[in-house]
Amino acid sequence: MKPSALRTIHREHAALSAMLRSLLPLLERYRRRGTLPDFGALRAMLFYLDEYPEQRHHRQESELLFPKVRARSPLARELIDQLDEDHRRSERSVRDLEHALLGFEMLGESRRLAFEQAAKRYVDAYLAHMALEEQQLLPLASRVLTPEDWLEIDEAFEANQDPLTGHAPEAEFQAIFTRIVNLLPAPLGLGEAI
Ligand SMILES: [Fe+2]
Ligand SMILES: [Fe+2]
C-alpha cells in the first residue's frame, strides 16, 4: 500500500495548487472592477501559507523526507539541493509578499501592480516547485525508501493536519480559515465564482 505520507503530500499539493491558482484570477477581478481587495482575508491567506505549507509541509520535507532520500540515493543530490533551496527562497518570498500586501493596503492604488507581480512570482515558483517534487522526488522516494523509513515519515506528516485538506482547523486557526474559505471562489471556497 502507498505510504500515508505520500497520500498526504499529494493531497496537500493538490489543495495548495487549487488555492494558489485561484489567487491570481481573484486579483485580476479586483483590478477589472477597480475595487480594493478584502485585505484582511488576503492577510489571512498569506499567514496560512506561512504557518502550514511553509512551516509544516516544507519542514517535514527538508528535515525528514529529503535527508532520507539523499542517504539512499546519492545521485539525487542536485535535485534535493535545488528543492531545499526552493524551500529557503519560498519562506523569504512569502514574507516579501506579506510586505507587498501591506504596501498596497497602506498606500493604495500605486502599490497594486507591485503586489500583483509579487503574487504571480510566488505562485509560479510554488507551482513549479511542487511539479518538480511530483515528477521527480516523490517517484524516486517511492523507489528507494524502505518500509522503516516510511514509518517515521508517515508519522511526521500525520501531524500536519492541514485544514485545506479537510482536517478540522485547530481552535486558534478557526477564524483565519473561515476568512480564507469565504474569500476563495466557488467551488473551492464559498466566495463568488470567477
Ligand atoms: Fe517542497
Ligand atoms: Fe511538497
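User: Glutamine 161: buried, exposed or partly exposed?
Analyst: Partly exposed, because 16 other C-beta atoms lie within 10 Å. Keep in mind that this is a predicted model.

User: Where is glutamine 161 found?
Analyst: In the loop between H5 and H6.

User: What is its phi, for glutamine 161?
Analyst: Positive, about 50°. And glutamine 161 is not a glycine. Most residues other than glycine have a negative phi.

User: Which residues does histidine 167 contact, leaving aside neighbours within four places in sequence?
Analyst: Gln161 and Asp162. Histidine 167 is in the loop between H5 and H6.

User: Is histidine 167 buried or exposed?
Analyst: Exposed, because histidine 167 has 10 C-beta neighbours inside 10 Å.

User: Switching to peptide bonds. What joins alanine 186 and proline 187?
Analyst: A cis peptide bond, with omega about 5°. Most peptide bonds are trans.

User: Where does proline 187 sit?
Analyst: In the segment after helix H6, which covers 174-183.

User: Now helices. How many residues has H1, and what does H1 reach end to end?
Analyst: H1 runs over residues 4-33, so 30 residues by the DSSP run. From first C-alpha to last, H1 reaches 44 Å. That is close to the 44 Å expected at 1.5 Å a residue.

User: Which residues of H1 are buried?
Analyst: Ala5, Thr8, Ile9, Glu12, His13, Leu16, Met19, Ser22, Leu23 and Leu26.

User: What covers those buried residues of H1?
Analyst: The cover includes helix H2 (39-72), H4 and helix H5 (147-158).

User: What follows H1?
Analyst: Glycine 34, with a positive phi near 70°.

User: On to packing. What angle do H2 and H3 make?
Analyst: About 165°, with their axes 10 Å apart. H3 covers residues 77-107. Angles over 145 degrees count as roughly antiparallel, so H2 and H3 are roughly antiparallel to each other. The crossing of H2 past H3 is left-handed.

User: Which residues meet in the contact of H2 with H3?
Analyst: From H2, the list includes Phe39, Leu42, Arg43, Leu46, Asp50, Glu54, His58 and Phe66. From H3, the list includes Arg77, Ile80, Leu83, Asp84, His87, Glu91 and Val94.

User: How do the residues of the contact of H2 with H3 divide?
Analyst: Eleven are nonpolar, four polar and nine charged.

User: And H2 with H4, at what angle do they pack?
Analyst: About 60°, axes 10 Å apart. That angle makes H2 oblique to H4. The crossing of H2 and H4 is left-handed.

User: Which residues of H2 and H4 meet?
Analyst: Leu65, Val69 and Arg72 in H2 meet Leu137, Leu140, Ala141 and Val144 in H4. The residues of this contact divide into six nonpolar, no polar and one charged.

User: Last one, alanine 114. Where is alanine 114?
Analyst: In helix H4, residues 112-144. Alanine 114 counts as partly exposed, because 15 C-beta neighbours fall inside 10 Å.

User: Which residues does alanine 114 contact, leaving aside neighbours within four places in sequence?
Analyst: Ala100 and Gly103.

User: How far apart are the C-alpha atoms of alanine 114 and alanine 100?
Analyst: They are separated by 6.8 Å. Along the chain, alanine 114 and alanine 100 are 14 residues apart.

Conventions:
Residues are numbered from 1 along each chain as its sequence is written. Chains are lettered from A and ligands numbered from 1 in the order in which they are written. This is a predicted model: local features need pLDDT of at least 70, side-chain atom pairs count only at pLDDT 80 or more; totals for chains, interfaces and linings use all residues. Helices (H or I, at least four residues) and strands (E, at least two) are DSSP runs, numbered from the N terminus. A residue is buried if 20 or more other C-beta atoms lie within 10 Å of its own, exposed if 12 or fewer, and partly exposed in between; C-beta atoms are placed from the backbone. Two residues are in contact if their C-beta atoms, placed from the backbone, lie within 7 Å. The expected span of a helix is 1.5 Å times one less than its number of residues. Axes are lines fitted to C-alpha atoms, for helices over the stretch in contact, and angles run from 0 to 180 degrees between N-to-C directions. Angles under 35 degrees count as roughly parallel, over 145 as roughly antiparallel, 65 to 115 as roughly perpendicular and the rest as oblique. A crossing is left-handed if the near helix is turned anticlockwise from the far one by less than a right angle, and right-handed if clockwise. Ala, Val, Leu, Ile, Met, Phe, Trp, Tyr, Cys and Pro count as nonpolar, Asp, Glu, Lys and Arg as charged, and the others, Gly among them, as polar.
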